[in-house]
Structures are given as C-alpha cells and as structure tokens.
Amino acid sequence: MPSCWPFLSIKNRLLSLISNLNSFLRSLGTRAATVELLNSAPSNRAMSSPKIAVVGAGIIGISSALRILQAFPGAEVTIFAESVSPDTTSDVAAGFWGPSYISNTPHEIVISWGKETYDHLVDLAKSDPQSGKCGVFLAPGFELLSVDDPGTRYWSHIPLEFRRATPSELSVFPSRIKSGIYFISAVAEGSKLIPHLTDQFKALGGKLVENHRVNSFSELQQLGYKHIINCSGLGAMKLCGDKTMFPIRGQVHRVAAPWLKFWFTSDDGTYCLMNTNFAVLGGVAQKGDWNMSVSETDKAGILSRNYAIWPSLRAAPVLADLVGLRPGRDKVRLERENIGDCTIYHNYGHGGSGLTLFWGCAGDIVQLLKADLPTAACKL
Ligand SMILES: Cc1cc2nc3c(=O)[nH]c(=O)nc-3n(C[C@H](O)[C@H](O)[C@H](O)COP(=O)(O)OP(=O)(O)OC[C@H]3O[C@@H](n4cnc5c(N)ncnc54)[C@H](O)[C@@H]3O)c2cc1C
C-alpha cells in the first residue's frame, strides 16, 4: 500500500492542478467578461446618447441622416426640414452622375466622393430589388463637343466605361459635333430615391420633422442638440450667413420619349437625360438668378436645341416644366465648426453635383462623427 502513496499523491496533485487550472480559466472568463462589460458599458451609453439633428431633407440631408443611423444604430437622429420631397431642388434634378458646377472643389475630393457614390449606385442598380422603384439605373450615352479634341476628364476612371466616341457614333449627330465622349453614367432620380431613403431612415428609427424652418443653430442647441449636420443646400446662405453662396438657376422639361434609351449632353448646355418615366430636357445654368418661374424663352431655347440634336424628340409631349436653383459655392463645404459646446457638420454647396456626390459626402460626415464620438458603437 505504501507503494501506492506516491501514485495517490501524484493523482491528488494532478486533481488539485486541474482544479486550480479550472478556477484560473473561470477567472479568466470572468475577467474577459468584465473587460467586455467595461468596454461595452461606455459604448452602450454613448450609443444611446448621441442626439443628432440634421437640417435639410434633400438628397444630401436624407443620405447623411441614413448613413449616420446605419453607422450609429442607437443614435437619436432627427431631420428638420422646411420642405421635403417632391419639393426640394434634388427632386428637380435629372439625377445624372457626372461632376458639374462645383467650381474649385479639389479634384481628389470630387473623385473620392464621386467614386463612392457611383460604386454605390452600381451596387444598387445591380443587386437591390428596389432599384427600379428608387429610380437608380445605369445609363450609357454621349457627351458631344463642337471641338476636335474632347480633352480629358479627371474623373474618367470612375465610370464602368469611358472612351472617345467613334466617328460612326458621331455621324448620327449634327455636323457641328466634332468629337465626343461615350460613358456609362449612373442615374439616381431624386424624386424617387429620396422617398426610398426616407423610408429606410424611418425604418431605422429616424424622425423627420417637416415644414420646420431652422432660423439659427442655437434653436437646435436649445433643444439639446450638440451635433448638428447642416445639409440646407442654398438655405445655408441665410442659415450660416454664407456670402460665398449663389444660386445657379436651372430649368428642365420632362417629356414622354420612351423610345429614347441613351442620354446626350452638348457643350452648348443642351442635355437630354433619361429617367424612368420620362426624359429630362435641359438646360440653363444662370448664375445669380433667383427666378423660380418657368421662362418661356428658356423653354423655347431648350426644346429647339434638343430637337436640333435628336429630331424625333419633337414628337415627345411635354409633361412638366420645372425650375430649380443649384446651391452654388466656390467649393463644396464639408467640415466641422465648433460653436460653443455644439459642433456643426457642414455638408452643402454641391452645385450641379448633389446626386453625383451624395453617398460619398454622407460617408465623410460619418467619419467626422466617428472621430468625435469615439466610444459610440459604429458600424462603418
Ligand atoms: C435643373 C437642375 C438639374 C440638376 N441636375 C443634376 C444632375 O443631373 N446630377 C446632379 O448630380 N445634380 C444635379 N443638380 C444639382 C442637384 O439638384 C443639387 O446639387 C442637389 O439637389 C443639392 O442637394 P441638397 O440636399 O444640398 O439641396 P436641396 O435639395 O435644395 O435640399 C435642401 C434642404 O434643406 C432645407 N432647408 C434649407 N434651409 C433650411 C432651413 N433654414 N431650415 C430647415 N430646412 C432648410 C430645404 O427645405 C431642403 O429640404 C441639378 C439641379 C438643377 C436645378
């Protein structure tokens, strides 16, 4: 028996070792759980606490609000808007992807926002069963020029296809057209996409306060908002006292031309862009003009210039005449500004490119918020 003792002793030692190991592992588990709790506690607190106001319900406001809620699921996000779809400038736009009227916005930033937006639209058009409903599709067409050399476009690598138009392609256009570019654009019809994004925003718990004009940021501050996203478009001129802003008046005519399956633009400002239920004929770009009435002179010019390029359009009944004021600015303003204990995140001044840049801009707003709300649960 005594000879067994060493074995018993070894067995006991082993049992004791296993028991110690178990309690060590349990304590590790407890420690891990505690660490997790400590880490998650502030996160959960921060997640439920951000109270974020968005001013504006055009394409810029709605997409910013939606991306914020997607990134900060627990946040309380409320949009305050004087007007909503279908009464915003974004609803007037043809929704054609192609940077225009953004003055001196640095090219590398336009490329970044434009690419993120283009790629997002391609994804939607390809994979989202709702893409038809939300007016998103890919659209091939021609930029027509009356000069021999079409030059280069700094964003030419973004579209799925981008090349010089061939002589045979050009031959179907009037003889004044000397060169051209063929590319695949992506269309995002504001009047369809905004309601769709608004539904998504509301489904995530977002609130939309309509007919609410914000006269100053302090109004929202007094309501307890410390994070305000300013997507007021041309309204920023008054709201921020931004004297660098100006309207760029546009006028378009929606016509029924279901036989037309490609778009064209011309260097004299003429354009014909397809939407789901009509083609949009334009255009004018009148800097500093606040006139919201339809000009018959502009209309006659727009129609005749389009008919000259594609005569069958003469047969297309005019369904609607619309005017909109593009939010012009020397460059898009996307930056934060601290006012007292409140941070304003500006996202306005997109000129003729709001539908071209919206998704990328909204992504950058989320990045700014992420930096300022580092402990909040963020999915981006
Ligand atoms: C004729 C025309 C054609 C265009 N075509 C294209 C195109 O093909 N592709 C393209 O990319 N872009 C196009 N654009 C440009 C595009 O429409 C704009 O860049 C875009 O709509 C800007 O979006 P936004 O959300 O900043 O402004 P808006 O759509 O004007 O929205 C601004 C929002 O802010 C609200 N608001 C303003 N001030 C206040 C306030 N003080 N309090 C509360 N709410 C306020 C408004 O009520 C509104 O809800 C076109 C524009 C026009 C006019």
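**Sheet, helix pair and annotated site**

The bridge partner of N230 in strand 15 is H346. The structure is a predicted model, in which local features need pLDDT of at least 70, side-chain atom pairs count only at pLDDT 80 or more, and totals for chains, interfaces and linings use all residues. Residues are numbered from 1 along each chain as its sequence is written. Helices (H or I, at least four residues) and strands (E, at least two) are DSSP runs, numbered from the N terminus.

Strand 7 (residues 227-230) and strand 15 run parallel and are joined by four bridges. Pairing of two strands requires at least two DSSP bridges between them. Both strands belong to an open sheet of six strands, with the order 6-2-1-7-15-14 and mixed pairing. Strand 6 (207-209) and strand 14 (333-339) stand at the edges; each has a single partner strand, so one side of each lacks a neighbour in the sheet. From one strand to the next, the twist averages 20°. Helix 10 packs on this sheet and touches strand 7, strand 14 and strand 15. The direction of helix 10 makes about 165° with that of strand 15. Axes are lines fitted to C-alpha atoms, for helices over the stretch in contact; angles run from 0 to 180 degrees between N-to-C directions. Contact means C-beta atoms, placed from the backbone, within 7 Å.

A helix pair was also examined. The axes of helix 2 (residues 59-71) and helix 6 (residues 190-203) come within 9 Å and cross at roughly 30°. Helix 2 and helix 6 are therefore roughly parallel to each other. Angles under 35 degrees count as roughly parallel, over 145 as roughly antiparallel, 65 to 115 as roughly perpendicular and the rest as oblique. In helix 2, the residues I59, I62, S63, A65, L66 and L69 meet G190, L193, I194, L197, T198, Q200 and F201 of helix 6.

An unreviewed UniProt entry lists T89, S90, V214, G351, G352, S353, G354, L355 and T356 under "binding site". Such annotations may be inferred rather than shown by experiment. T89 is found in helix 3 (residues 89-92). T89 is buried, because 23 other C-beta atoms lie within 10 Å. The cut-offs are 20 or more such atoms for buried, 12 or fewer for exposed, and partly exposed in between. Not counting residues up to four places away in sequence, T89 touches G58, G233, G324, L325 and R326.

G351 lies in the loop between strand 15 (342-348) and helix 10 (354-372). G351 counts as buried because it has 23 C-beta neighbours inside 10 Å. Under the sequence exclusion of up to four places, the contacts of G351 include Y101, I102, S103, I248 and R326.

Conventions:
Two residues are in contact if their C-beta atoms, placed from the backbone, lie within 7 Å.
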